[in-house]
Amino acid sequence: MSEALPLRELQLRLRTLIADPRGLAPEQRERLVAELPISGDARLSPAQRVAIYADMHRLRLRDALAEDYRALRRSLGDAAFARLVRTYLVRHPSDRPSLRDLGRHLPGFVEHHAELVEHAWQQDLARFEWAMVDSFDAADEPVLRAPELETLAPEAWPGLRLRPVRSLVLLGLGAPVDLVRERLLRGEESGDVPREPVRLRVWRQEWKVFHRRIDEIEAAALDWLREGATFADLCDWIADRDGDDRAAELALDLLRRWLDDELLAA
Amino acid sequence: MLPRRRARKGIMSRHPDLGFGIGLRTGHFAEILERGARVDWLEAISENFLVAGGRPLHVLERVRRDHPLVLHGVSLSIGGTDPLDEDYLRALRALADRFEPAWVSDHLCWTGVDAHNLHDLLPLPWTEETLALVASRVERVQDALGRRLVLENVSSYLTFTHSTLSEWEFLGELARRADCDLLLDVNNVWVSAYNHGFDPRRFIDEVPAERVVQIHLAGHSEHGTHLLDTHDAPVADAVWDLYRHAVARLGRVSTLVEWDGAVPPLAAVEEQAQRARAVALEASRGGERAA
C-alpha cells in the first residue's frame, strides 16, 4: 500500500510518469505508479489511469508542434516527426504558460541535430515556419503611408529614419523552402530541392502573414534601417555599392516597395 | 471594483447573468469577423491572447465591442507547488484591464511542476494540505488581478487514496476560505462521476450555490472503461439532463458551451448555446424534467 506523499513530491513523481518523452518501460512505470497513492478499480488500474494523462500529454504537445510546423511534419512523415518531437522535448520541455511558445527552440534544435531530419533544407523549412509564427502575433503598430512622406520637406529627407515593422523577419536560407512549403501544403511531394541561397522577408500586413523573396540589396538595406540608419546613410551605402547615378533611383524603388507592403512603421 | 450583486432565486450573486454563450475559437475567427457571433456572450482562453499583437487580439477587440466577455485560463496552476508565475499574472492582469471581462476564471488543478508546464489540468488530492495551499494562492492571485477569481472543477481520470474530502466539499471550503467564486462544469462533473463512480447529482446538490457564477457545457467521448473530456462533440443527453438538474437547483446561471476538437461551423456551436437556453428556461420554469 502506497503512502501519502507531500504534494510537491507527488507532483514531481506524476510529472515523470506523464511527461517523460523517452517513455518508461512498462515494468518501471508499474513500479513507480505503485509507489503513489492512486486509486484503482476493476475498470482501470492506477497505472492505466496515469497512462490516460501520459497519452493525452504526448498527443497534445505533438499536435501543437505539428500545427506550427505543418510543412516540416508533412515532409518528415508522422513517425519521423513524432521522433523529432520526443527528442526535442527531452531537451526543451515546455516552460511557458502558452503552447504558442513550445516550438521556439525547434529551428535551432534541428540545426544541431541533423540526424533527426532527412535533408538539410528541412532545417531551413523549420526556420521559415517559425518565422511565420513569430510574425503572426508580433506587436501591432501604425504603418507609414506614402502621403505622409509626400508632405515631407526636402531638407528633412537625408535625416529621415525609417524603421521596419516589428513583425518583419529576415531569413537567409540555403534552399527555396518557400516553394517547397507551398508544394507540401498542397499535398504534393517536396521533390528534389536544390541547394541555393534564398533571402526571404516574412511580415504581417493587416492580420495576414506574407513572405517574399528579396535580393541582397534589400536584405542589407532592411538590416541597415533596423540599426537606425538614416535615408542619407542608405543612399550613401547604395552609392558606394552601385555608383552615385543609380543610388537615388534604387533607394526610391525600395521605398515604394516597402510602402506598398506596409513594411515601415509610422 | 467587484461586479454588482444581483438577486438570483433568492441567492445573492456577485456576478451578472450573462445568458448563453460559446467559447471563442480560432477556427471561427473569420466567421465572427464577417457576421458576428449570434450568442449572448463569449469566453476566450486567456493564454491564446497573451501575445503582443496580430489577428487574435484584433478579433478579441471586435468580440468585446459587441458582447460581454469572460477570460478563461488554463495555466494558472492554482494547485501547483512552484511559486506562482508573476510574469503570467502581470500579463493576465494587463489583458483583463484592457478587455474588461465580466470575470476571470481558471481551473482547480495543477498544470506543471519544477518550471515544466505539462499543459494539462491535473488532479489534486482533496486534503487539508492542498486546501491550505490553494486558498493562500487564490488570495495572492486575486490581489494580483484585482478581481475575484472563478475556479472550475476539472474532469479527472484518477483520484488519490489519501483524499479526506470529496471534491464538492473541497470546492465549498475553498470558496469560503479564499472568498473566490466557482465555475461549475457540468460535463466535467458527469465525466468524473463516471470515471470514479460517484453520483453526479450529489456533486451538483452539494456545491455552494451562492458561489456558482458560471456553468460550462461540452461534449465528451466514451472509451469503454472511461470517459474523456474531449470537447469534440455535441453535449451528451445525460449532460443535458444533469444541466436541467443544476438549473433547477441553482436558478439561471451564465452558461457557456465549449467545443475545442473537430470544431464544427460556428452555427453548430451557437445551436448548442440556444439549446442550453431552452433547457434552462424549461428547468427554471417548471423545475426539472424527468431524465
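A quick definition before the first stop: a residue is buried if 20 or more other C-beta atoms, placed from the backbone, lie within 10 Å of its own, exposed if 12 or fewer, and partly exposed in between. This is a predicted model, where local features need pLDDT of at least 70, side-chain atom pairs count only at pLDDT 80 or more, and totals for chains, interfaces and linings use all residues. Residues are numbered from 1 along each chain as its sequence is written, with chains lettered from A and ligands numbered from 1 in the order in which they are written.

Select residues 7-19 of chain A, helix α1 (helices are DSSP runs of H or I, at least four residues; strands are runs of E, at least two). Its buried residues are Leu7(A), Leu10(A), Gln11(A), Leu14(A), Leu17(A) and Ala19(A). Look down the axis of α1(A): they fall within an arc of 155°, so they line one face of the helix. They pack against α2 and α3 of chain A, plus β7, β8 and α4 of chain B.

Now show both sides of the contact (C-beta atoms within 7 Å): 38 residues from chain A and 34 residues from chain B. On the chain A side, α3(A) gives the most, with nine residues.

Last stop: zoom in on β4(B) and β5(B), parallel over four bridges. Ala44(B) has Leu71(B) as its bridge partner in β5(B).

Key. Expected span 1.5 Å × (residues − 1). Arc of directions from axis to C-beta. Contact = placed C-beta atoms within 7 Å. Pairing = 2+ DSSP bridges.
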